[in-house]
Amino acid sequence: MFRRVVRASKFRHVFGQALKNDQCYDDIRVSRVTWDSSFCAVNPKFVAIIIEASGGGAFLVLPLNKSGRIDKAYPTVCGHTGPVLDIDWCPHNDQVIASGSEDCTVMVWQIPENGLVTGLSEPVVVLEGHSKRVGIITWHPTARNVLLSAGCDNLIIIWNVGTGEAMIQLEDMHPDVIFSACWNRNGSLICTACKDKTIRVIDPRKEEIVGEKEKAHEGARPMRAIFLSDGNVFTTGFSRMSERQLALWNPQAMDEAISVHEMDTSNGVLLPFYDPDTNVVYLCGKGDSSIRYFEITDEAPFVHYLNTFTTKEPQRGMGYMPKRGLDVNKCEIARFYKLHERKCEPIIMTVPRKSDLFQDDLYPDTAGPDCAIEAEDWFEGKNGEPILISLKNGYVPGKNRDLKVVKKNILDNKLRAVAAPSPPRPQHSCPRRAQPWPLLRSAALACNHGRLGCCSAACRRSMLTLRVLRDTGALYACSVECLQE
């Protein structure tokens, strides 16, 4: 009887190729912050890279065709007061990006259609709710304006970005730092990896854990967990002997793994990138100089090693292009943006084919940019499967509508309760008097930025002695009046 020695797979001969230097993005100061995120996010229009910045956090947003040397004066997105830890492009609007930072805030930004001309410091909306730094940001795959954030306060918040409200807060589910969070295919569940070595599958709207596995990987190093298109969970982590592992789990029966593979003894955290159309998982280790890829199938051993792409330089981070941003005429099935210390290098993964015709088996219909449901419908309990598009004639980006935030005015109720008229403003001739600390702090901030008006000699004197007066609680009334105007 004939016995097949080599498993048949159309991805067995996938090969990677780094683009030439003139197609790379050079002279970029990639962030050195000690956080295990990818530091890079890509969509069919832009590549965003977290960079080193003095006096706060910033990231670059470059049009894909803006290759070559990037000028040091190139405008950045620079509204955070602490280092940026994670960024993620909205899947339904190629000009909207969210960022999480050490300043405990999440900010959502609208990028101009042709890229930045001047520095962008005013976000569309600031989402405040975390008490510690925010290290994980991920958009809902099918619902418009739904964003998940996870911080070092062990808290997951799901936001309605359209109103700027925190709709769901998942507290007391994670006793330690959350390493990763990922939505499933239709956004009804999330899976998380935590420092307590437990993988959890959570229904966020019911606020309950539907499956968990303690000591999924027994090593102390960080883990990662992602959903696959069939509902299974794929994890990467470390064994007790510090060997890197990957495993496959069924959320309905997490007592035993479907498959576990041990790889090597390197200490870099493995970042998984998944293509739901081809069921191929790409593993990029931070500090490694290689990308390994595996195919997930229904036959044992379920996770099949395909190949390894190796370069000379180690990677600081990695960006992964959505399927609709690939060149189907070249049989390109994946494109990565590898971060070096001072450079971003695109790497394309190609399946060799002799025919120039469209390859239906390589490009099944993929998730498009249209959302399936609105945020309000999702929070009410509805689910929507991704709206698929064909790549046969290539993806042509449409016109993105601007992100509009409609905030409920929290002052309305307060204004109704306060019926008395406000007291008159103090005159310039009034003497020193004590002012509340928040007002003094605001005045100091305005003084430092040169926004404090100098309407009298007394006001100028108060500006000079503001730092001393702030400690004693004394401030000239005319300085406060300048600030209020």
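In the predicted model, strand β9 and strand β10 (residues 105–110) run antiparallel and are joined by five bridges. Within this pairing, Ser99 has Met107 of β10 as its bridge partner. The two strands form a hairpin with three residues between them, and in this hairpin Cys104 takes a positive phi near 70 degrees.

Strand β9 also pairs with strand β8 (residues 84–89), again in the antiparallel sense and over five bridges, and here Asp88 stands opposite Ala98 of β9. Strand β9 itself, covering residues 96–101, is mostly covered, with six of its six residues buried.

Leaving aside residues up to four places away in sequence, Gly384 touches Thr142, Asn186, Ala372 and Ile373. The C-alpha atoms of Gly384 and Glu374 are 9.5 Å apart in space, while the two residues are 10 residues apart in sequence.

As for confidence, the mean pLDDT of the protein chain is 84, and 81% of its residues reach 70 or more. Over residues 409–485, however, the pLDDT is below 50, although this stretch has 69 contacts in the model beyond near neighbours in sequence. Where pLDDT is low, the predicted coordinates should not be read in detail.

Note on methods
Residues numbered from 1 in each chain as written. Predicted model: local features only at pLDDT ≥ 70, side-chain atom pairs only at ≥ 80, totals over all residues. Heavy atoms only, no water. Contact = heavy atoms within 4.5 Å. pLDDT = per-residue confidence, 0-100. Buried < 20%, exposed > 50% of the residue type's maximum accessible area, 1.4 Å probe, protein only. Helix = DSSP H or I, 4+ residues; strand = E, 2+ residues; numbered from the N terminus. Pairing = 2+ DSSP bridges.
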